[in-house]
Each structure stands twice: as C-alpha cells, then as structure tokens.
Amino acid sequence: MGGDCKYEIGQNPYVKIILHALKHRNSAVNSLLIGRLLDDETTVCITDAVPLSHSQIGLLPALELALIQVEEHFSADGLSIVGYLHANERYDDNKLGNAARKIGDHIFRYFPRAAAFLLDNKKLESLTKGKESEPVLQLYTRDSSKSWRQAGTDGTSLLKLKEPTANVVLKDYILTEKWKDIVDFDDHLDDISKDWLNPDLFK
Amino acid sequence: MVGAKEANLVERLESQAEHGGGGVWEYLCLVRKLKLRRSDKVLKYGLQILKDSKARSKLGGEEWTLYEQVAIAAMDCHCFSVAKDCVKSLQKKFPESLRVGRLEGMLLEATGSWEAAEKAYDRLLEDNPLDQVLLKRKASLAKSQGNTSASVEILNKYLEIFMADYDAWRELAELYVSQQMYKQAAFCYEELILCQPTVPLHHLAYAEVLYTMGGLENLQTAKKYYASTIDLTGGKNTRALFGICMCTVAINQVTKGRNKEEKDGSELQSLAAGVLVKEYKQKAPKNLAPLLTTTLKNMKLI
C-alpha cells in the first residue's frame, strides 16, 4: 500500500459520535464508523456512524453482536465498517488504550484501510468555548509493524471534515443539548424499542 | 444499578421539573437515594431551592443534606465557586465534622490538587482509620489520576476488611475489565453472586466476562449464567437471550469436528432465538426486526 490513506468524515457521522460522547461524559464511549473506499483508492469516505456503548467497553458479547448486525445492515448499501471511534473516560487521557487497539485490530481484519479515532477532549473543549476549524478527533492508522500510530502529526492532514460547516452545526447541537436524542447499541439492548440507527436524529 | 421502574420514575420527575411542574425536592431525594449522577440537573434545581430562603427553611434539617448534594453536583460540573460556598455554609454549621472534611477533600480532588487532597484524606484517616467513604475516596483519587493499578490495590485492601461492600466489588470488577484482566474481574463477579445470588445483573456480568475470556469451558459456563439470568428475569433480559445465541455459535465453532457427545444438544438456543424474534416483531422499530431475523438465520438458530 503506497502512500497514506486519507479519511473524509461526513457531517452526520461526525456529529453523531460526538453527541454520543457528550451524552455520556462520565464514561468511555465508542462508535463504529461506516463508509466506503472511494474510486481513487486512497480516500475512505465515512458516511454514517453507529454509537455502540457507554459501559464495560472491554467486554465482547455486545460488541460482537453489534458488529454482526451493523455489517449485515449496511452491506446492503455497499457500505462496510471502516473505522472505530473511542473516547476515553478521563479528560486528560489522550492515548489510544489497549481495549481500543484490540477492537481496531478486529475491524482492520475485515477492512484493511480501517482507521481508529480518538476523541480529542481538549479540542472539543475549545470548540464549545470558541472556534475550532479542525475535526476534534485524532486519527490512528496501522503501520507495517501492526501497531496503531497517530497519523498526521507531522503537519500533513489525513483527516478532514467533508462539510466545512460541520463544527458550526455541532456547536449548535451542543447548545440545544441534542445529545439527549442519541441512542446507542447499549440503550437498544436495554430497551429494544430504541433504534440504534438513529433514523430521525437529524430530521 | 437501577431497575427499569425506578429509571422511569426519575425520567418522569426530571421532565416534570423541567417543565415547571414541581416535584423538584422529590426528584433530588430520588437521585440521592439511587446514587445517580445527574449533576447538571441537581445543580440547577438544588440551587433554585437553596437561593429561595422560604423553600430552604421549609426543608428544616434536610437543608444541610441538600447543601452537600449540591456541593458534589457543583464539583462534578466544575462550578467550583458554588461548591466552595456550599462547603463554607456546611463548615459554619458543622465545624470539625468528618463528613464536611470529606467534602473539603473532594473539592481539592475536583480542582486537581491531588497531593493536597491525599493529605487531607490521610489526616482524616488518622482519627478515623476505618471510615469507608474516606478509604474509597483514596481509590477514586488514584483512578482520577489515571493510576488504575493503584486504585485496584487500594480497593483490594479495602475489600479485605469490608468484604460485603457490593458497590466496591462492582467497581473493582469494572476496573479489571478496563485493564482486560478478565480472570480477576470474574473473581469479583463470583463474590457478588455468592453474596447476592438472586440479583440477575451479577449473573449477566459474570457471563459476559466468561464469554470474553473464551475457551470451551468458559463459554459453556457463560451459557449457564446467561440461562440463570433468563430464569431470574422471567425471560425479559435481551442481553441474556442474545448471550445464549452467541455462546451457542461460539461453542459450535470451538467444537467443530469433535465428538457429537461434546456438542450441545439442548433446545435452549432455539427457544431463546424464538423469544427474540417474537419480541422484536412486537416492540422493536420496523427496520430492526427483519435484521434480527436474518442475523439469527445466519447463526443457524432459526
């Protein structure tokens, strides 16, 4: 694979995953990112996201069940799981932990250009307090030694927001406490009438 | 750990209070009783009452409990001036109090003054070496600083003395899971099942850890505990029903090609799958029911 892969995240998945993190500020959260590899074969476009859980992230049953159902649902539209988002429990913890890496490895097996994303708490804070034009996420990709490394630290930006207004829209939703409407897979397992696809979230 | 009925009551009271329908004190008491973390709401409504001198005097002695509750909520929301004011009022009313001393320690923790907080707790522990809340605060202190192994050590020592503290066992189990130390987490859940054998959530958590550990024996035991969860919850726990299905698939994968005797001949999985299909048809959003049916068909359970 010559050259680094670029990642483009759409407004809807971007807003979804961050609202999910804000809904559960006291705990670590994670989400699956859905999308496809574009025809240029160097850009992965993230078109949707499924928030997964906000408790006991290190356990497998709910994760495996979610992976099966998410893959089943989105493959009908030619999409697959292309990434994983993790948000740490503590504000000043900005490392991609072991649990996150393991889940990332699992997704990588099915989509060799999968990336892992870590919510950047400091950037999110600066977004809520003022302006922030970059995505509030850190990008991690798998290198040749099979470990996850933060990408784009040398100044090149491999992650970008598809719609430049995404941060503005996100800030708006934060002010209106839109996170209350987000449903994750955990919520669904506790009450199956709740829809982890969040079909009406942006209506 | 809150049951569905109580969770609904909290939601109802919260929305009632939000729309100005009263019931604020009831809400605050319920949140306190269930030990829920709803700090932004508690801060908002608690301050409303505290700022209103009429409402405050109506509370009588409970006023001070409210000060404590609001102080903690304020710390959680990073409103340190409000927290400081509440603690000051409590200090005036109860000088030299251990309970207020603990709050002072928590305030130091909240503002990130870790060393000062530790000193404060240690000082209080000199006179009260067996105060459970203080000992557990030291575990929280370590956890807040990201020192999970220290937190685990402190909790282990604590549980040697206070082995009936279910919350501490659960916290320790969750800490172990976060470090992928599943065997140790399993041990904690075993203790919880021994102490509270009729609480289904312990059985469920134990099954989930065993499933995560993998291996034929663990998967078979996990299936048993998913089954006991179903038993204890009258078949209403979705995670347990799914758990039976997932265990069956995993066991079949592990025993592929082995003797038929080792294979699981029970009808449990098809029963569980049948219940799931029925429940999803009745309660789940329209697009999720067929998805579930396809998933279970692919697992060869229906």
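Please keep in mind that the model is predicted.

I start with the sheet of chain A. It is an open sheet of 8 strands with mixed pairing. The strand order is β7-β6-β5-β4-β2-β3-β1-β8. Which strands stand at the edges? They are β7, residues 148-150, and β8, residues 159-161, of chain A. Each has a single partner strand, so one side of each is left without a neighbour in the sheet. On average, neighbouring strands of this sheet are turned by 35° against each other, direction ignored.

Now the β8 end of the sheet. In chain A, β8 and β1, residues 6-9, run parallel and are joined by 3 bridges. Within β8(A), the residue opposite A:Glu8 is A:Lys160.

Next, the helix that goes with this sheet. Helix α1 of chain A, residues 11-23, lies across β1, β2, β3, β4, β5, β6 and β8 of chain A. Its direction is at about 30° to β3(A). One residue of this helix is A:Gln11. Is A:Gln11 buried or exposed? Its relative accessibility is 16%, and buried means under 20%, so A:Gln11 counts as buried. Leaving out residues up to four places away in sequence, A:Gln11 touches A:Glu163, A:Thr165, A:Ala166 and A:Val169.

That brings me to chain B, and to helix α3, residues 39-51. With 13 residues at 1.5 Å each, helix α3 of chain B should span 18 Å, and its end C-alpha atoms are 17 Å apart, which agrees. Among the buried residues of α3(B) are B:Val42, B:Leu43, B:Tyr45, B:Leu47, B:Ile49 and B:Leu50. B:Lys41 is also on the buried list. What do the buried residues of α3(B) pack against? The partners are α1, α2, α4, α5 and α6 of chain B.

The buried residues here include B:Leu216, B:Leu219, B:Ala222, B:Lys223, B:Tyr226 and B:Ile230. Several of those positions are three or four apart, which brings in a general point. An α-helix has 3.6 residues a turn, so residues three or four places apart point the same way.

What covers the buried residues of α14(B)? The cover includes α13, α15 and α16 of chain B, together with α2, residues 60-75, of chain A. After α14(B) comes B:Gly234, with a positive phi near 60°.

Key. Residues are numbered from 1 along each chain as its sequence is written. Chains are lettered from A and ligands numbered from 1 in the order in which they are written. This is a predicted model: local features need pLDDT of at least 70, side-chain atom pairs count only at pLDDT 80 or more; totals for chains, interfaces and linings use all residues. Side-chain values use heavy atoms; hydrogens and water are left out. Helices (H or I, at least four residues) and strands (E, at least two) are DSSP runs, numbered from the N terminus. The expected span of a helix is 1.5 Å times one less than its number of residues. Buried means under 20% relative accessible area, exposed over 50%, partly exposed in between (1.4 Å probe, protein chains only). Contact means heavy atoms within 4.5 Å. Two strands pair if DSSP finds at least two bridges between them. Axes are lines fitted to C-alpha atoms, for helices over the stretch in contact, and angles run from 0 to 180 degrees between N-to-C directions.
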